[in-house]
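Let's take a friendly walk through a protein model, piece by piece. Have a look at the picture first, then read on.

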Amino acid sequence: MPLIQAKNLTLAYDGIPVAVGIDFEVSEGDYLCVVGENGSGKSTLLKAILGLHPIAGGTLEISPEARRAGVGYLPQHTPAQRDFPASVREIVESGCLHHAGRRPFFRCDTKNHVRTALERMGITHLANECYRELSGGQQQRVLLARAYCATGKLIVLDEPIAGLDPIAMQEMYRLIAELNHGGVAVVMVSHDVAAAVGYATHILHVDKETSFFGTTEEYVRSPRGRKFGCMGRWNIPDTRSVLDLRHGDAGGDHT
């Protein structure tokens, strides 16, 4: 069974449909980018996956396996998040609360998982720093580490590169791709169509009337993909190393 499966899904906001007839699925190891115009229901879809927003029609199923493993979530960055008064380690550890149950302390394996997350995001040296004193790119890496600690199966990301400078943006894309290469399924909302076609295995293009779901290759050759100019962006140089990584051919240093 796929980790996520939607059939004829309708999403609504304040009773008004924002997207209808959505069909898609996410299996282990998939990297799904959700694209579409503003107000097309992209963030609403993520909230529905997380159980934070009711669906208005159709079905949206999350597999028991995904529920047991937990779903990591990186929401859109807000001013309140940027000013959160906690250490980097405390924020990353909070991603493990789903697995801690009623225990008042973290087990050794949980602490090791947190240590691994810090190392994978390149923020071990920041573990004791105050989160609100970090740069925007560093803060996003902390939140990605937190999302990684929450799951071993599925991460949901809502515009994770919004507001980042080009260098921090590419670093985030690289880290997300590495998590995916390690077996974590990714569902990411993005306005960056060029990056979507360079990193994702599948594309879901949502809008109010019709939606497209298929492999990235199918999308860039579809009328909707051509409308967004994707054919000229396929295999762009900035994403080549990540495409190599996805296919197991990566070499050299990607820092």
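How many bridges join strand β3 to strand β7, and do the two run parallel or antiparallel? Four bridges link β3 (residues 31-35) with β7 (residues 185-189), and the strands run parallel. Within this pair, Cys-33 has Met-188 of β7 as its bridge partner.

## Before we go on

This is a predicted model, where local features need pLDDT of at least 70 and side-chain atom pairs count only at pLDDT 80 or more, while totals for chains, interfaces and linings use all residues. Residues are numbered from 1 along each chain as its sequence is written, and side-chain values use heavy atoms, with hydrogens and water left out.

Helices (H or I, at least four residues) and strands (E, at least two) are DSSP runs, numbered from the N terminus. Two strands pair if DSSP finds at least two bridges between them.

## The six-stranded sheet

β3 and β7 belong to an open sheet of six strands, in the order β5-β6-β7-β3-β8-β9, with mixed pairing. The edges are taken by β5 (71-74) and β9 (212-215); each has a single partner strand, so one side of each is left without a neighbour in the sheet. On average, neighbouring strands here are turned by 15° against each other, direction ignored. (Axes are lines fitted to C-alpha atoms, for helices over the stretch in contact, and angles run from 0 to 180 degrees between N-to-C directions.)

What lies across this sheet? Helix α8 (residues 166-181) lies across β3, β5, β6 (154-158) and β7, and runs at about 150° to β7. Contact, by the way, means heavy atoms within 4.5 Å.

## The three-stranded sheet

There is also an open sheet of three strands, ordered β2-β1-β4, with antiparallel pairing. Its edge strands are β2 and β4 (57-62), and each of them pairs on one side only. Neighbouring strands in this sheet are turned by 30° against each other on average, again ignoring direction.

Let's zoom in on β1. Together β1 and β2 make a hairpin with two residues between them, and Asp-14 in the turn has a positive phi of about 55°. β1 also pairs with β4 in the antiparallel sense, over five bridges, and there Ile-4 has Ile-62 as its bridge partner. Helix α1 (residues 42-49) lies across β1, β2 and β4, at about 120° to β1.

## Helices side by side

Two packed helices are described by the angle between their axes and the distance between the axes. Helix α7 (residues 136-149) packs against α8 at an angle of about 15°, with the axes 10 Å apart. That makes α7 roughly parallel to α8 (angles under 35 degrees count as roughly parallel, over 145 as roughly antiparallel, 65 to 115 as roughly perpendicular and the rest as oblique). The residues in this contact include Leu-144 and Tyr-148 of α7, along with Met-172 and Leu-175 of α8. By class, the contact has seven nonpolar, two polar and two charged residues. (Ala, Val, Leu, Ile, Met, Phe, Trp, Tyr, Cys and Pro count as nonpolar, Asp, Glu, Lys and Arg as charged, and the others, Gly among them, as polar.)

α7 also packs with helix α6 (residues 108-120), at about 140° and with axes 9 Å apart. That makes α6 oblique to α7. Here His-113, Val-114, Ala-117 and Arg-120 of α6 meet Ala-145, Tyr-148 and Cys-149 of α7.

## A link across the chain

The structure has five salt bridges (a side-chain nitrogen of Lys or Arg within 4 Å of a carboxyl oxygen of Asp or Glu). One of them joins Glu-28 and Lys-153, whose closest N and O atoms are 3.1 Å apart. This pair ties together distant parts of the chain, 125 residues apart: Glu-28 sits in the loop between β2 and β3, and Lys-153 in the loop between α7 and β6.
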